[in-house]
Amino acid sequence: VTMSPMSPVSLTAATSSDEEDDSDSSTKPIRSEKKKNPASLFQTGGDPPKEKKSKKKGPPKGDESEEETSETLQKNSNKKGKAKKSKKKEERPPSPVIEVENLEEFVLQPAPQGVTVKCRVTRDKKGMDRGLYPTYYLHLDNDKKVFLLAGRKRKKSKTSNYLISIDPTDLSRGGENFIGKLRSNLMGTRFTVFDNGANPDRANADWSNVRQELSAVVYETNVLGFKGPRKMTVIIPGMNADCERVPIRPRNDNDGLLMRWQNRNMDNVIELHNKAPVWNDETQSYVLNFHGRVTHASVKNFQIVHSSDPDYIVMQFGRVADDAFTMDYNYPLCAVQAFAIALSSFDGKLACE
């Protein structure tokens, strides 16, 4: 079974009928409110929740323009107002020009609201052991092709362990370019993403140097084993009232994102899922609408959404050539989170296509 990037028909049909059908008014107003400000989906920490949701988001940040941009983003992804906007889609540079002055800061900062950060992942299998341990590179998908991150699996680890670096030539654990890592469980079905902080064993008195967990990914096999569309759950820290990531610094393995999620202790934790593809009889394959950003069918193609607003694509990833993939992410994800989630999909047990 392949996942074909073509034929968005079933998806667009679904979204437009939503709009026309007024009978179910209970869901309609909520949809349109959500559209205005997807940021509220990810807000957890900070002030008492009620105030924060209604008041805090508005005026101080000059939010009107942000709301507009995120709305046009939505429209775009729904293929409405197509004539005018689709041209924009095909041009190479991503919507606003993205400035990467301080690379380390940029890759850990959430994408600006209303902006899709469009990237490209390339896989390099050349060289002696790169066949087994390819290096993955992340660049901005614009004219300048700005380098963002490199990732590679460590050789001597019991479980899959990928180092992520802001230097394409230095992928060592001890170097100052080490910015994060992705670690799997023994089965290779659950992954945790850490920043470059210290192991809890080496904590200082106030715990401030301890590594943060940036996200976790859980893959479930389906009836077809790993051969059909996969089910992914992505767990990330929530955002506070100032739209900053709530730091999650587990003191031990029982306090991490995976355990919190498993125990349904969801304070300051957000759960996302991959959007379920739709079976298409004509092409005899599962399809998702990637709006021209993905050209090759692959089980690795996915889109990550929040169940309260499946039209807002938090991240999408898909193949465009044998060793090239596009990876686009939106608020609240940062480049390290999105890249690590993409790396998890390459891992051994999952990657058998």
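In which strand is the place of H306? I located H306 in strand 13, residues 302-306; helices (H or I, at least four residues) and strands (E, at least two) are DSSP runs, numbered from the N terminus.

I noted that this is a predicted model, in which local features need pLDDT of at least 70, side-chain atom pairs count only at pLDDT 80 or more, and totals for chains, interfaces and linings use all residues. Residues are numbered from 1 along each chain as its sequence is written, and side-chain values use heavy atoms, with hydrogens and water left out.

Entry on H306. I found H306 buried, its relative accessible area being 11%; buried means under 20% relative accessible area, exposed over 50%, and partly exposed in between (1.4 Å probe, protein chains only). Leaving aside residues up to four places away in sequence, I listed L41, F42, I270, E271, L272 and V314 as touching H306, where contact means heavy atoms within 4.5 Å.

Entry on V320. I placed V320 in strand 14, residues 309-321. V320 counts as buried because its relative accessibility is 17%. With residues up to four places away in sequence not counted, V320 touches R120, R293, V294, T295, H296, F325 and T326. I also read the C-alpha separation of V320 and S298 as 9.6 Å, the two being 22 residues apart along the chain.

Entry on helix 8. I recorded 12 of the 12 residues as buried, so helix 8 is largely enclosed by the rest of the structure. Among these buried residues are Q337, F339 and F346.
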